[in-house]
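Student: I am new to this structure and would like to go through it step by step. Could we begin with the terms?

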Amino acid sequence: MAMLEFIPQLGRRALQTVPGLGVASRFLLSSLLSVFNRHFSFQQLFRQIYGFGVRSLILMVVAAFFTGMVLGFQGYYALVRFGATSALGTLIALSLLRELGPVLTALLFAGRAGSALTAEISSMKATEQLSAMEMMAVNPLAWVVAPRLWAGIISVPILCAIFDLVGIFGGYLISVPVLGVDGGTFWAQMQSNVTFSGDILTGLFKALCFGVVVTWIAAWKGYTARPTAEGVGNATTLSVVTASLTVLGLDFILTALLFS
Amino acid sequence: MAAEALVELENVRFARGSHPVLAGVDMHIPRGAIVALMGASGGGKTTMLNLMAGTLRPQSGQIRIAGQDLQKLSEDAMYGLRRQMGMLFQHSALFTDLSAFENVAFPLRRHFRLPENLLRKLVMMKLEAVGLRGAAGLFPAELSGGMGRRIALARAVVMDPMLIFYDEPFTGLDPISVGIIASLIKRLNTALGATSVLVSHDVEETFSIADYGFILAGGKIIAEGSPADLRASDSALARQFLGGQPDGPVPFHYPARQDYAAALRDSHAAGEVL
Ligand SMILES: Nc1ncnc2c1ncn2[C@@H]1O[C@H](COP(=O)(O)OP(=O)(O)O)[C@@H](O)[C@H]1O
Ligand SMILES: [Mg+2]
């Protein structure tokens, strides 16, 4: 009985979600395309990129540093048993470039910048600022949403590259000075085993996809929030939860497609 | 009305889901007038302003502004028409990240490339008109409710619109600010040669500046006319609204399933109050 009710419920849920996705996709497309609108401003875009950078840079650097150091310890522990500590540099670099860099950058970005973006847009909506803009014949998608979306899409790969670099440096600090792995081997092995297009570019491509998804979800949740104080709070929480789960799910799909 | 209409609504219907908000509204708003739109809250007054501004579309009926049928306008043309409209929002809707000056300058900056000194002059003129030139550098969080409303008013008229909407401009203000806003609405309408649509429940203040009034109830216009006509109206609904009587054709009680005596009996039996 429970099962029999569960299946049509699932179907109903799916039927409600699909048109919702359609509307959200149209929102994404028309926002991205409004770079051609006369009210799109590159000054706003740069200001947003700067804002995202300021908000998340220190967070990224600290998180990356610790992640790299932990990778150094754990990798050493795994490799020393096979007498393969010379591969430690490769292990750290590949883990960061292909997986941890993009995913952790995206998760931190969703928590820090994405939530702030949702809160900003939803409170602009709740206080009628978006309607006021429309009344002044300025398209809010072009003036408010588009610069933030593009800024997110541009920022996440850059932040990811910084995450990768700092993480590798953290890994180096643990591996070489602390654990006594040979420095020359550490770098040489890394250099010969990491490929530019196979590892670095695909990692950054992942970050780009995550950037689109996280800022899209953040902007959409803000734009469709109920225009009340409670609605703003709910949208902000939902934005982080949805974006984080979507990043993890999408990461699985992208990894399966890109690295198989 | 004899005067030429700037805004015409013909049998306009609008529903939220299954709830009909407007059930066939007809209205003619003469050019140059200050027209009041009154009715109970939740009655659809804000909805009506949004329909006239084209931010909502009616399910049926026609809305014409300066002879143009809004339904037939493209999105671009609608944005173009809106540059000739201004709206004062119920909660001011100032941009919280911009100073009072930049709030007023916003429409000018977005639509024109003006030299900075000319732009300053235009903005200062509007700020002077609302008596707040001295507050140009303040941010919305630093303004009182009445001052915020005046800055929002300056922003609404900075493009010299032909049609200005005011959504409950008196609500939540002290009596002095109410008087200031009312006289500003009157003065701006004359100075700009504009037409104003004023939504309010403040009967006295509204009638002191309005040329004509409409009363909206049950999704329809139930009475219209000059303030004097409306006061003399023999419609029971209009009299209840204008007189502020708690009970009348609009009942004091929200409909209940049971009558009061039966509900008391039942709750007594159940040992709880429903
Ligand atoms: N965004 C919305 N979504 C759903 N219902 C709404 C929305 N805005 C207004 N309504 C409903 O429409 C009706 C008319 O609202 P409104 O035009 O704001 O009334 P008024 O301005 O006269 O107080 C109300 O019943 C209100 O609950
Ligand atoms: Mg209202």
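Tutor: A polar contact is a pair of N or O atoms within 3.5 Å; within protein, one must be able to donate a hydrogen and the other to accept it, and residues adjacent in sequence count only if both atoms are side-chain atoms. This is a predicted model, in which local features need pLDDT of at least 70, side-chain atom pairs count only at pLDDT 80 or more, and totals for chains, interfaces and linings use all residues. Residues are numbered from 1 along each chain as its sequence is written, chains are lettered from A and ligands numbered from 1 in the order in which they are written, and side-chain values use heavy atoms, leaving out hydrogens and water.

Student: How far does a backbone N or O atom of Lys45(B) lie from an oxygen atom of ligand 1?

Tutor: The distance is 2.8 Å. A polar side-chain atom of Thr46(B) lies 2.6 Å from an oxygen atom of ligand 1.

Student: And what about Arg16(B) and a nitrogen atom of ligand 1?

Tutor: A polar side-chain atom of Arg16(B) is 3.4 Å from that kind of atom in ligand 1.

Student: Changing topic, which handedness has the crossing of helix 3 and helix 6 of chain A?

Tutor: The crossing is right-handed, a term for the near helix being turned clockwise from the far one by less than a right angle. Helices here are DSSP runs (H or I, at least four residues), numbered from the N terminus.

Student: Which residue classes meet there, in the contact of helix 3 with helix 6 of chain A?

Tutor: That contact has 5 nonpolar, 4 polar and no charged residues. Ala, Val, Leu, Ile, Met, Phe, Trp, Tyr, Cys and Pro count as nonpolar, Asp, Glu, Lys and Arg as charged, and the others, Gly among them, as polar.

Student: How does helix 3 of chain A pass helix 5 of chain A?

Tutor: Helix 3 of chain A passes helix 5 of chain A in a right-handed crossing. Their contact has 20 nonpolar, 7 polar and 3 charged residues.

Conventions
Helix = DSSP H or I, 4+ residues; strand = E, 2+ residues; numbered from the N terminus.
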